[in-house]
Amino acid sequence: MSYRKTLKLLFGVAGGSAVLVFAAAAADSHGYLGEQRGDAAGRWWRLTALRAAQPAWSPASSHTPAPSGHAWDFNWDKRDPSALTNGKKKESATEDPGSEQDNGKPKATRNILLIRHSQYNLSGNSDKERILTPLGREQAELTGQRLAALGLKYDILIHSSMARATETANIISKHLSGRVELLSCDLLREGAPIEPVPPVTHWKPDAVQYHEDGARIEAAFRRYIHRADPKQKEDSYEIIVCHANVIRYFVCRALQFPPEGWLRMGLNNGSITWLTIRPSGRVALRTLGDAGFMPPDKLTRT
């Protein structure tokens, strides 16, 4: 069997079946099948191996993914113009209802770049002592350079009020062209948004922490993750520097995934997660935890 045919067989099967086909190809390449059993027997053996490696398929036996039954909620942010105008009393009987609705429709797209803070001092006893490490400051520089290289016009940089996020934001801001407003927000502080499913054994906040942090992080989501205001004429690019738990929860909520699945994702320090929110309310995840702009020896997840 030629090398090209062997590759075709390997790429034509999946999982453990590839091992069986590879063994058959190797045996054939050494002449074991043809020499010991004869050419006809060798061909029969190869055919048997292929049939065993590729189980029979039929429409009745296939397992086609079924829809979950949950349709996309276009009014997830409670800003759908059609929902806002329903039941409203018109000021004038001659007013065109169509023009009123058009004027109230968002026209711009919001691009929200969620940045996880850089590596910080884990041994600090208080938030003020949990400042960036030398590597963390280098990571923030690399993230700032990456954001600048994208060539986007950033409208605002919002950051968590925790020390590690504030320091990361300050370093990033030095690389951004123009006057980008910096805004600190307590709602974006790290916390426990919701009890994760499946549960983990290495991290178990108590019920009170989930109750308090969850309400705060949900409030942050509602404040910052929504479609553009109808008065916004141009697409915007907004940076939010915060924490891994907050970002992962935001992504689940924005994509209408089960929010309790937030801990199934991992984010490197200084990574970029990019959400796009269309005027219609559609949400797209352009990148999740992008850190490919950093050298491998600079990657951390603390």
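Predicted model: local features only at pLDDT ≥ 70, side-chain atom pairs only at ≥ 80, totals over all residues.
1. At 29% relative accessibility, Gln256 counts as partly exposed. The residue lies in the loop that runs between α10 and β5, the latter covering residues 272-277. Gln256 is not a glycine, yet its phi is positive, at about 60°. For context, most residues other than glycine have a negative phi.

2. Lys78 is another non-glycine residue with a positive phi, in this case near 60°. Its place is the loop between α4 (39-53) and α5 (81-85). Lys78 has a relative accessibility of 58% and counts as exposed, because that value is over the 50% cut-off.

3. The backbone also has a cis peptide bond, which joins Val197 and Pro198, with omega at about 0°. Most peptide bonds are trans. Pro198 sits in the loop between β3 (181-185) and α9.

4. On the overall make-up, the protein chain has 10 helices and six strands. The chain holds 302 residues, and 40% of them are buried. Its accessible surface comes to about 17500 Å², with 54% of that belonging to carbon and sulfur atoms. Taking contacts between residues at least 6 apart in sequence, 74% join residues that are at least 24 apart.

5. Helix α9 (residues 207-224) packs with helix α10 (residues 244-254) at an angle of about 60°, and their axes are 10 Å apart. That angle makes α9 oblique to α10, because the roughly parallel class needs an angle under 35 degrees and the roughly perpendicular class begins at 65. The contact is made from the α9 side by Ile217, Glu218, Ala220 and Phe221, and from the α10 side by Val246, Tyr249, Phe250, Arg253 and Ala254. The crossing in which α9 passes α10 is right-handed.

6. Gly289 belongs to strand β6, which spans residues 283-290. Its relative accessible area is 15%, and Gly289 is therefore buried, the cut-off being under 20%. Setting aside neighbours within four places in sequence, Gly289 is in contact with Leu267, Ser271, Ile272 and Thr273. The C-alpha atom of Gly289 is separated by 9.4 Å from that of Ala244, a residue 45 places away along the chain.

7. How many disulfides are there? The count comes to zero. A disulfide is a covalent bond between the sulfur atoms of two cysteines. For Cys185, the closest cysteine sulfur is that of Cys242, and it is 9.7 Å away, which is too far for a bond. The cut-off for counting such a pair is 2.5 Å.

8. Are Cys185 and Cys252 buried or exposed? Cys185 counts as buried, with 5% relative accessibility. Cys252 is buried as well, and its relative accessible area is 4%.

How values were computed:
Residues numbered from 1 in each chain as written. Heavy atoms only, no water. Buried < 20%, exposed > 50% of the residue type's maximum accessible area, 1.4 Å probe, protein only. Helix = DSSP H or I, 4+ residues; strand = E, 2+ residues; numbered from the N terminus. Contact = heavy atoms within 4.5 Å. Areas by Shrake-Rupley, 256 points an atom, 1.4 Å probe, with all protein chains shown as cover. Axes fitted to C-alpha atoms, helices over the stretch in contact; angles between N-to-C directions. Parallel < 35°, antiparallel > 145°, perpendicular 65-115°, else oblique. Left-handed = near helix turned anticlockwise from the far one by under 90°.
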